[in-house]
Structure formats: structure tokens, C-alpha cells
Amino acid sequence: MKILACNSNRPLSEAIADHLNLPLTRADLKRFSDQEIWCEIQENVRGEDVFVIQSTSFPANDHLMELLVVLDALRRGSARRITAVLPYFGYARQDRKSGPRTPISAKLVANLITVAGADRVLTMDLHAGQIQGFFDIPLDNLFASPVLTSDIRNKFEGQKLVIVSPDVGGVARARSVAKRLDAELAIIDKRRPQAGVSEVMHVIGDVKDAACILVDDIVDSAGTLCNAATALKERGAASVAAYVSHGVLSGPAVERIANSPMTEVVTTDSIKASEAVRGCSKIRQLPIAPLMAEAIRRISEEKSVSVLFD
């Protein structure tokens, strides 16, 4: 087995390699003056089981293209099996036609990864479950909920907990976390007047005097979370925190979180924290390297991965 790190999240790749007690495979990834990406694998990979770690986060197109170039290099180097490990799968929010003459970009990206040479994919908390069907190769979709719920349990032990879904679409995710923690469930009913703008309408459930935990898969501009936190506080919540699988945190997100009534926003380190994120006292990352490393080990040894879903 070989572990190869692309450039989107080098610290996570190194942590995964440490858990597997393996060195990262030497590779030269660089750009020409016009920003074309070039790759050379500097070790023999013929007949090897290779795992390529790359989150397709900002800049999403550069990181996606880097992944495709590395996959092609490994395929042409006669690797026995190539697994694309995408802790965060970009373009997942474009999983359907949102209007006339619009793309289904998640399917396009799935095709690109497959054609480039991936034999299977390992990812975590896909934005939409049906994306698994966009791939014609095996895909394992891990859940971050065991990592998140362990931290919630340690931090909020003994408090009246209410797990809150920030929208109707995330109810199943929030219900799963609430079940793990034996907590109550509440739902934010919101209207979105236009893309990127959310307006909270109603809070369904009793949140008065409770420690409310907003649970979501992606926090991007943070508008939805901040509006939801304000609504919860207005309805008597004792405190509001958010636990999110993927911290995209683009645009004004960090500033919004810093000025919001939320005590903390906790994400995994599936996406490398920017300087602004690292400088915000309200944002904290949880490590997923042990989870990803165990999944990689089990795939390489042809063992069940489903036990990691419990």
C-alpha cells in the first residue's frame, strides 16, 4: 500500500500516513508559468495499491485538476489499484438540474475521476447520498457523526441538549446525531429567496433553556447557521453551537461567525483551515485522520468498512 498526498490538505495527509505508519509516496507536483499542472511520481508504483488524498476544496478547480493529473500518472505507471480519497467532495451541491439548461456537475466530476484512472473512491459525508450512484466504480461514504458526537458528549455532558437541523433537508442527519446522544430534535423552517440568501421563518420544537447544537454537512458562507442561531436565541435557547462536517468557510463566513450569537462552530479538518479560520477563536477543527486511516487500512486489506458507520 502506498499513500500519495496532493496539495489541498497536506497536514491531513501526513496525519493519515502517521496513523498507518507509512511514509508518504514521493511525488513532484508543480506548475508551468501558465499554471498548467505537471506531476511525476518519484517511486515505483507498479502493482501497488495506491491511495491518493485530495479534498477538492478552494481553489476547487485547481485541486480537482491536480487530482486528475495524479490519477492519470498512477494509471500510466501501472498501479494495481488506485483509490481516490476525497475527505471533502467538491461540486457535490450541484447534484441535480436546478433549472433549465443547467449542468449536473457532480456527475461530470464523477465521470472525470473515473476516466482519469480511479478504481474506487473514499469520501466523507457527501452532500447528497445519490452521488454514490453517479460513480460506476465502488464508493465508500464515511460519516463524520461518530467524531462529532464524541466531542458533543464530552463538552455538553449533563446539559439539556437539543439537536437542531438548520433546514428541512438536513433532518435525517440531525435525527441520527440526536439518536446517538439521546437528545431532543428541533428543525429550522426557512425560506431561501435567492441563492446564498436564507431567511429563517419558524423553529419547530422546544428549545427554551436548552443547549442547542446545529448540525449540518457543509458551512460555506455561514448565513444559514448565523440566522438559525439568532432565531434559536430569540426563542429562549440557553446557548447555540454548530457542528459541521466540512468547513468551506468562504467569503464573509469567518466574520459572520465571529459576530454571531454562536459560542462555537466545530468542523472536521477535511478542509485545510485558512489563516482567517485559524485566527477565529469561535472556530475549532476536529481530526478525522484516525477515521480515514482505518478506512484506508480496511480497504487495502479487503475488510468491511461498514463497521465504521456505527
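This is a predicted model: local features need pLDDT of at least 70, side-chain atom pairs count only at pLDDT 80 or more; totals for chains, interfaces and linings use all residues.
Trainee: Why is strand β5 called mostly covered?

Mentor: A residue counts as buried when its relative accessible area is under 20%. In β5, residues 81-86, six of the six residues are buried, so the strand is described as mostly covered.

Trainee: What makes both faces of β5 covered?

Mentor: In a regular strand the side chains alternate between the two faces of the sheet. Arg 81, Thr 83 and Val 85 lie on one side of β5, with Ile 82, Ala 84 and Leu 86 on the other, and all of these are buried.

Trainee: How do you know that β4 and β5 pair?

Mentor: Pairing requires at least two bridges between the strands. Five bridges join β4, residues 49-53, to β5, and the two run parallel; therefore they qualify as paired. Val 50 stands opposite Ile 82 of β5. From β4 the chain passes through helix α2, residues 60-76, to β5 in a right-handed β-α-β crossover.

Trainee: What makes β6 a partner of β5?

Mentor: Against the requirement of at least two bridges, β5 and β6, residues 120-124, have four, in the parallel sense, so they too are paired. Leu 86 stands opposite Thr 123 in β6. Helix α3, residues 105-116, carries the chain from β5 to β6, and this β-α-β crossover is also right-handed.

Trainee: Why does the radius of gyration of the protein chain agree with that of a compact globule?

Mentor: For 310 residues, a compact globule would have a radius near 19 Å; the protein chain has 20 Å, so the two agree.

Methods:
Residues are numbered from 1 along each chain as its sequence is written. Side-chain values use heavy atoms; hydrogens and water are left out. Buried means under 20% relative accessible area, exposed over 50%, partly exposed in between (1.4 Å probe, protein chains only). A crossover is right-handed if, with the strands pointing away from the viewer, the path from the first strand over the helix to the second runs clockwise. The radius of gyration is taken over C-alpha atoms; the globule rule is 2.2 Å times the number of residues to the power 0.38.
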